[in-house]
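These are my notebook entries on one structure. I record what I looked up and what I found.

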Amino acid sequence: MLIAIPDLLDAATLANVRAIIDAAPWVDGNVTSGHQSALAKRNEQLPEDGAAAREAGKIVLDALAASPLFFAATLPLKVFPPLFNRYGLGQTFGTHVDNAVRVQRGRDFRVRADLSVTVFLEDADRYDGGDLVIEDLFGEQRVKLPAGHAVVYPSSSLHRVTPVTRGRRVASFFWLQSMVRDDAARRILFDLDRSVQSVAAVRGNDDADVIRLTGVYHNLLRRWADA
Ligand code: NI
């Protein structure tokens, strides 16, 4: 399941993130790659233990924490500290699957990558190419969202970033371990959550069916969640 999170960063927050990362030194993106993806990846990245990545990453994490849609869609247990990359002219990331487990450098912190997140940090009309192409059961999904928007997709999916042909693509990317490991179970919970919210908006939170359905949501989450 692909889920777009519109306006994760507002304009002021986006500008703040860009000011921090644009002023920082960038390095070859292959410093974070596994062996297979290193063969396919040509981009630049902020050093993950650098001050700029930490500062900008904290801003992204704060925005995630303030997004009910992000929480409902991902049911996050552990979130890897956000990283930042950019693709200049001709740069690309060929088809790959993300590593199953991500270990934070120098720390005893590891995340099973259930979901991958990209936060777009450049206006879509300022670059050509640089599409995130994700293969799922319904074929290829091509994703290029406005700056400040995010997309969440299964880390198990084959995906790539097409070559940039004009301008520069700038993004934050990271992985998270969900409380609900199974993508299909998480999808059921997300659909139920959205429907309960819309029924509650009409009938009120104290409606007997809304209360029972809310109970169903939490009892399914109780069966499926690791916390
Ligand atoms: Ni990837």
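This is a predicted model: local features need pLDDT of at least 70, side-chain atom pairs count only at pLDDT 80 or more; totals for chains, interfaces and linings use all residues.

**Entry 1: the sheet**

How many bridges join β3 to strand β7? I found two bridges between β3 and β7, the latter covering residues 92–96, and the two strands run antiparallel. I also looked up one partner in β7: R42 is bridged to T92.

**Entry 2: the nickel ion**

Next I asked which protein residues are donors of the nickel ion. I found H96 through NE2, D98 through OD and H159 through NE2, at 2.1 Å from the ion. Along the chain, I recorded the spacing of these donors as H-x1-D-x60-H. H96 also falls within the residue range of β7, which is 92–96. Are H96 and D98 buried or exposed? I noted both H96 and D98 as buried.

**Entry 3: the aromatic rings**

I looked up aromatic pairs and found two in the structure. I noted the pair of F80 and W175 as edge-to-face, with 5.5 Å from centre to centre and 75° between the planes. Why does this pair tie together parts that are apart in sequence? F80 lies in the loop between β5 (76–79) and β6 (83–87), whereas W175 belongs to strand β17 (residues 169–178), so the pair links parts that are 95 residues apart in sequence.

I then checked how accessible the two residues are. F80 is buried, at a relative accessible area of 2%, and W175 is buried as well, at 4%. F173 is buried, as is W175.

**Entry 4: charges over rings**

Finally, I asked which ring has the charged end of K144 over it. The ring is that of Y127, and the charged end of K144 is 4.2 Å from its centre. I found K78 placed over the face of F109, at 5.9 Å from the ring centre.

Terms used. Residues are numbered from 1 along each chain as its sequence is written. Side-chain values use heavy atoms; hydrogens and water are left out. Donors are N, O and S atoms within 2.8 Å of the metal (3.2 Å for Na, K and Ca); water is not among the atoms, so sites may look incomplete. Buried means under 20% relative accessible area, exposed over 50%, partly exposed in between (1.4 Å probe, protein chains only). Two strands pair if DSSP finds at least two bridges between them. Helices (H or I, at least four residues) and strands (E, at least two) are DSSP runs, numbered from the N terminus. Rings of Phe, Tyr and Trp (its six-membered ring) pair if their centres lie within 6.5 Å; planes under 30 degrees apart count as stacked, over 60 as edge-to-face and the rest as tilted. A charge sits over a ring if NZ of Lys or CZ of Arg is within 6 Å of the ring centre and within 35 degrees of the ring normal.
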